[in-house]
Amino acid sequence: YRTDHALPPSLQLQRPICNLPLDTIQAHSLAQTRQEAFDPESCDADAELLASIRAHGVLEPVMVQRTGPPGLDSTYRLVFGHRRCAAAGQAGLTHVPALLANPDDPVDLLTLAENIGTRPLSAYERALALKHLQQSTPDRSLRALARHTGLSPSTVSNLLRAYRDSTPRLRSLFAAGLDARAVVELQPLFQQ
């Protein structure tokens, strides 16, 4: 069993690890905010992950959520572990170790927590994650978002404003790497 003592008791995961066939796992997830989930050609960390999985297999389980009824033909949607699954597929593995999410698990928070703990999310990807969190729980305040994500309230506010209040052109610049604060400062100019 895996126990994550750093998480609040309500989010601690205590489940057996199962070995799932990769072809039963759907890689697309609405909770996944990374624009480039796995690219060993342009990201050194992804190339290192691929080399490690080729040499040692997948050492840390992914998390999945069942998409249909339990049984031999079950299918799953990834909650976190997109890069590990992609690397496992490229390495020629057919199975990955996986934790099964409970139906009431806050998968959006778990996905964001996992992404923040690995290769850094871009400001745009963080903004998308925060937007998704805010939409999934409309009564969640900016302070609550900050508390749950470990970001400061001003960072949460700037990221959400940079995404929400931008024109499509400015949003595309934000996605390309323009800083959230610069995006917010440019919004009046782009709206003219």
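**Legends to the close-up views**

**View 1. Cysteine residues of the predicted model.** Cys85 is buried, at a relative accessible area of 9%; buried denotes under 20% relative accessible area, exposed over 50%, and partly exposed the range in between (1.4 Å probe, protein chains only). Cys18, with 30% relative accessibility, is classed as partly exposed. Zero disulfides are present in the structure, a disulfide being a pair of cysteine sulfur atoms within 2.5 Å. In this predicted model, local features require pLDDT of at least 70 and side-chain atom pairs count only at pLDDT 80 or more, whereas totals for chains, interfaces and linings use all residues. Residues are numbered from 1 along each chain as its sequence is written, and side-chain values use heavy atoms, with hydrogens and water left out.

**View 2. Strand 5 and strand 1.** Strand 1 (residues 18–21) runs antiparallel to strand 5 (residues 95–100), and four bridges join them. Asn19 has Pro97 of strand 5 as its bridge partner. Strands pair if DSSP finds at least two bridges between them.

**View 3. Strand 5 and strand 3.** Three bridges link strand 3 (residues 62–66) with strand 5 in the parallel sense. Here Met63 lies opposite Leu99 of strand 5.

**View 4. The protein chain.** Eight helices and five strands make up the secondary structure of the protein chain; these are DSSP runs, numbered from the N terminus, of H or I over at least four residues for helices and of E over at least two for strands. Along the sequence their pattern is β-β-α-β-β-α-β-α-α-α-α-α-α. Of the 192 residues of the protein chain, 42% are counted as buried.
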